[in-house]
Amino acid sequence: MPTRRRALLILAALAGLAVLSIALALMAGSINIPISEVVSALFGTQESMAGEVVRSLRLPRALAGFACGGLLALAGSLLQVLLRNPLADPYVLGISGGAGVGALVALLFGFGLAGINGSAFLGALAAMLVVFGLAHGDGSWTQTRLLLTGVIVAAGCGAMVALMLSIAPDEKLRGMLFWLMGDLSQANDPGLVLGVLAAVLLLALPFSRELNLLTRGADMAQTLGVQVNRLRRGVYLAASLATAAAVTQAGSIGFIGLIVPHLVRLAVGNDQRLLLPASALAGGSLLVIADTLARTVIAPQQLPVGVLTALIGVPAFLFLLTRDSQRRR
Amino acid sequence: MNRDAPLLETRKLSVGIGDQSFCRDLDLTLHAGERLAILGRNGAGKSTLLSVLAGLRAPQAGEVRIGGASYAALGARKSALIRGWLPQARGDAFASTVLETALVGRHPHLDRWGWETEKDAKIVRDALAAVDLAEFEQRDIQTLSGGERQRLAIATLLAQAPRLFLLDEPIAHLDLKHQIAMLELFAGAARDCGAAVAMVLHEPALAWRFCDRALLIHGDGKTETGPVRAMLTVDRLSALYQYPLQALESDGRVSFMPR
């Protein structure tokens, strides 16, 4: 039986994991900084090279990574409920495809970082509105229709991305590929994404028991007292904005939004009151750890973190799938 | 909610899909303690009518009131405290335990930030015991058989504790023992707790035994309603199912056999 006490205990443990992952990210890198110096760099005022590295390089990147991972995992759990499909992920509705098109256009025309972010966000919004408008056209809402529209829009965006990659000059290709693979090295302004993460979580939590009902089907939820259409629109909007914010900041980092809600659901059950905040914490921690690995495995060279999450995510997911099918036999 | 108002009332209700009309100008009232059986051929519109009665679909014309008020006036949450609906088909996308599944029935009784209390758990455990699922609390719903899932859905509905039960084939997938047990359960809710029950049934003999009124839906817009003894006759049922039937009486009960 779900209780508030159990939920708080699990969330406290996950918050501990989050703190640990960020501490690790602050300590590890091309120069290793012991924890005592990290603490004095964070809370003290003394000037040192290590303090500078921690405060202005590693901390913003770790926090931005945490926020992006949290946003992707949160968007993933919301979309899995909305589509009633445990295999849905934040990218299934074409939002990252739209962001990709936007970002590549900006890269192709040589915009600065702000221009790339702005253009990616506009692309994500455009894809979101197109999918929502087409799927919602006559007022009826079916999961299949939403899913198919999203998949088709994503495919269209993929084609445009491929087109731009094929006509882009060689010196721009590397930047474009890194963006597409998901990369946190440009993420140095965590304030906005952290704010979006907090806002989406605070907006979703009061509705989490209603989301539990939505997993039982729209009609069931309606007869148990949920205003289904309003809730679905809200979930779609919240998940889309969360995805757009994360993708804009960090590019399309794969598998966090699919794997994390799935793992958390296996571990703690499918109660959204616990699943939503737990996914956010676990997703944030996982991305921070993956990014730390991406910075350190072949240091001083950096890997795009999206490659690492996919390398971890694919076998983990295949393992879960085969285990699931064996258990049900 | 107005205590004296009928639990279910339709005025000039017309229901249909596209050009096909299932009922026209239906006036129906269901008071506390009454049990209505809805009978008709496949595709005659029984489930569509039931979902209109449950406030899930808009009628083509006319209105539905529960406890004296319309669904729009009550809002989703207050409606959920009055009427409960048992759907015909269910899909469970996610794994979940039997206890957690039945607990969702308590949703309308909890406030926005509330968690289920021991009292809610007791209500749910009683509901599970009532449908013979007491030992199944911790089982994953995806390992249940069709009949067990049907009984779990009934337990969820009992946990919701509505006053108006709208049941779409409540005994589908159930074995004989549980068919009778579930119908006894709803008849008991009507008799002892002042509930009203409207249920879609495919077995006229069970309708005859467990309901006091019947609504026959012919599928072409024609409907008949009245006491079971007047409605469930060989002639009417043969016309309704478009197949000749004969009545067999024993122990004061009637059953209907296809010829």
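Predicted model: local features only at pLDDT ≥ 70, side-chain atom pairs only at ≥ 80, totals over all residues.
**Figure 1. Overall build of chain A, a chain of 14 helices and 0 strands.** From the N terminus on, the elements of chain A run α-α-α-α-α-α-α-α-α-α-α-α-α-α. The radius of gyration of chain A is 20 Å, close to the 20 Å given by the globule rule for 329 residues, so chain A is as compact as a globular protein of that length. The C-alpha trace of chain A extends over about 65 × 55 × 40 Å along its principal axes. Of the 329 residues in chain A, 49% are buried. When contacts in chain A between residues at least 6 apart in sequence are considered, 76% of them join residues at least 24 apart.

Figure 2. Apart from neighbours within four places in sequence, the contacts of Val200(A) are Leu71(A), Leu74(A), Ala238(A), Leu241(A) and Ala242(A). Asn85(A) stands 115 residues from Val200(A) along the chain, and the C-alpha atoms of the two are separated by 21 Å.

**Figure 3. The largest nonpolar core, with 178 residues.** The residues with the most contacts inside this core are Leu71(A), Ala242(A) and Val197(B). Helix α3 of chain A, residues 49-82, supplies the largest share of the core, 16 residues. Ala242(A) is in contact with Leu71(A), Leu74(A), Ala75(A), Val196(A) and Val200(A), its neighbours within four places in sequence being left aside. Leu71(A) and Leu74(A) are also among the contacts of Val200(A). Val197(B) is the bridge partner, in β8(B), of Phe165(B).

**Figure 4. Overall build of chain B, a chain of 9 helices and 12 strands.** For chain B the radius of gyration is 18 Å, close to the 18 Å that the globule rule gives for 259 residues, so chain B is as compact as a globular protein of that length. Along its principal axes, the C-alpha trace of chain B spans about 55 × 40 × 35 Å. Buried residues account for 43% of the 259 residues of chain B. Among contacts in chain B with a separation of 6 or more, 65% are between residues 24 or more positions apart.

**Figure 5. The antiparallel open sheet of chain B, formed by 4 strands.** The strands of this sheet follow the order β2-β1-β4-β5. At the edges stand β2 (20-30) and β5 (69-70) of chain B; each has a single partner strand, so one side of each is left without a neighbour in the sheet. Strand β1 of chain B, residues 8-17, runs antiparallel to β2(B) and is joined to it by 7 bridges. Within this pair, Leu13(B) has Leu26(B) in β2(B) as its bridge partner. Helix α1 of chain B, residues 46-53, packs on the sheet and touches β1, β2 and β4 (61-66) of chain B. The direction of helix α1 makes about 135 degrees with that of β1(B).

**Figure 6. The mixed open sheet of chain B, formed by 6 strands.** The strand order is β6-β7-β8-β3-β9-β10. The edge strands β6 and β10 (223-227) of chain B each pair on one side only. From one strand to the next, the twist averages 15 degrees. Strand β7 (residues 164-168) and strand β8 (residues 196-200) of chain B pair in the parallel sense over 5 bridges. Phe165(B) has Val197(B) as its bridge partner in β8(B). Helix α6 of chain B, residues 176-193, packs on this sheet, where it touches β3 (35-40), β7 and β8 of chain B. The angle between the direction of helix α6 and that of β8(B) is about 155 degrees.

**Figure 7. The contact between chain A and chain B, with 24 residues from chain A and 27 residues from chain B.** On the side of chain B that touches chain A, the elements giving two or more residues are α2 (71-82), β6 (83-86) and α3 (98-103) of chain B. The largest share of this side, 4 residues, comes from α2(B). By class, the side of chain B that touches chain A consists of 15 nonpolar, 7 polar and 5 charged residues. Strand β6 of chain B is also an edge strand of the mixed sheet.

Key: Residues numbered from 1 in each chain as written. Chains lettered and ligands numbered in written order. Pairing = 2+ DSSP bridges. Contact = placed C-beta atoms within 7 Å. Axes fitted to C-alpha atoms, helices over the stretch in contact; angles between N-to-C directions. Nonpolar A, V, L, I, M, F, W, Y, C, P; charged D, E, K, R; others polar. Rg over C-alpha atoms; globule rule 2.2 N^0.38 Å. Buried ≥ 20, exposed ≤ 12 C-beta atoms within 10 Å, placed from the backbone. Core = buried A, V, L, I, M, F, W, Y, C linked by C-beta atoms within 7 Å.
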